[in-house]
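User: I am new to reading protein models. Please take me through the terms one by one.

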Amino acid sequence: MKTITIAFLMLFSVSLFAQTNTELKDHYEAYYKQMKKQGDVQGIINAMTHLEVLEPSVARRDTIAYIYLSEGQYLQALNTIGVEKNETDSDINVEVKALALKNLNQPKMALEHFEILFVRNPNVYLAYEMADMKMQVNDLVGAKLNIDYALTNVKDEDKRAFYETKQPYETSMKAALLYLKGLLKFNENKTANVDIALQLFNEALAIDPNFNMAKISREALEAQKAQRAAAEQKN
């Protein structure tokens with residue numbers, strides 16, 4: 001009799017738990033819809049996190065991480081899906097890892113995920129970002145490959161945004177790539193390649209005379225060149 005009673009109680013508990021679980025799921029699905037209607041991003045995250053606890057889903061975790069990324073909460077995004085490189089991850093998952101790590105100033109780790117994205121969908125925008133980060137980690141050979149690919153495939157209508165001024169602006173992607181190539185040449189040899197770098201900056205400015213980063217870099221190199229010439233004259 002005691003055994004039957006225990007078995008009954010266990011069955012009742014399982015049934016009650018299943019019912020409660022279903023009710024909670026229904027509640028948070030309704031809560032999610034309401035938060036979405038109100039445009040409450042944190043509410044959406046909270047609702048989806050509760051649903052993830054009740055019914056784990058890889059796709060849902062990827063979505064939560066993407067929302068965190070969109071809100072500039074990069075650590076939270078990575079805490080949701082991790083930083084490990086996995087060839088079977090969804091495109092959203094890999095993109096979140098790549099961009100979150102880039103924004104957290106972890107170019108070497110970010111590049112692992114950018115490489116996966118590039119294999120899946122090679123394009124000039126990814127190539128530019130990868131070249132920029134490879135220069136940061138001193139992979140100049142890899143940066144050159146990405147720049148060469150991008151210059152071969154760039155279209156006249158392609159644009160690239162820059163944010164170093166108070167007011168963000170766009171410039172021609174071809175101009176941006178020529179500017180990046182100028183930086184690469186300078187980094188390859190900071191003495192012998194000054195004129196080559198200046199020529200590339202001038203080519204970028206010929207396309208877009210208002211390209212602020214190219215102007216700043218050209219002025220810096222011209223000043224450096226003038227200082228070196230003055231020092232040589234003294235000697």
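User: What are the angle and axis distance between helix α6 and α7?

Analyst: Helix α6 (residues 107–120) and α7 pack at about 155 degrees, with axes 10 Å apart. Axes are lines fitted to C-alpha atoms, for helices over the stretch in contact, and angles run from 0 to 180 degrees between N-to-C directions. Helices are DSSP runs of H or I, at least four residues, strands are E runs of at least two, and both are numbered from the N terminus. This is a predicted model: local features need pLDDT of at least 70, side-chain atom pairs count only at pLDDT 80 or more, and totals for chains, interfaces and linings use all residues. Residues are numbered from 1 along each chain as its sequence is written, and side-chain values use heavy atoms, without hydrogens and water.

User: Why is α6 called roughly antiparallel to α7?

Analyst: Angles over 145 degrees count as roughly antiparallel, under 35 as roughly parallel, 65 to 115 as roughly perpendicular and the rest as oblique. The angle here is about 155 degrees, so α6 is roughly antiparallel to α7.

User: Which residues of α6 and α7 make the contact?

Analyst: Contact means heavy atoms within 4.5 Å. On α6, P107, A110, L111, F114, E115, L117 and F118 take part. On α7, the partners are L126, A127, E129, M130, M133, K134 and Q136. By class, that contact has 10 nonpolar, one polar and three charged residues. Ala, Val, Leu, Ile, Met, Phe, Trp, Tyr, Cys and Pro count as nonpolar, Asp, Glu, Lys and Arg as charged, and the others, Gly among them, as polar.

User: What makes α9 and α10 roughly antiparallel?

Analyst: Helix α9 (residues 173–188) and helix α10 (residues 194–207) pack at about 170 degrees, with axes 8 Å apart. The angle is over the cut-off, so the pair is roughly antiparallel. Their contact residues divide into 12 nonpolar, one polar and four charged.

User: How much space lies in the largest pocket, and what makes a pocket?

Analyst: About 540 Å³ lies in the largest pocket. On a 1 Å grid over the protein atoms alone, a pocket is an open set of points with protein on both sides within 12 Å along at least five of seven lines; lining residues have an atom within 4 Å of a point. Grid points are joined across faces, edges and corners, and the volume is the space filled by probe spheres, of 1.4 Å, set on the points. Of the 21 lining residues, K102, E129, D132, R160 and A161 are closest to the centre. α7 gives the most to this lining, with six residues.
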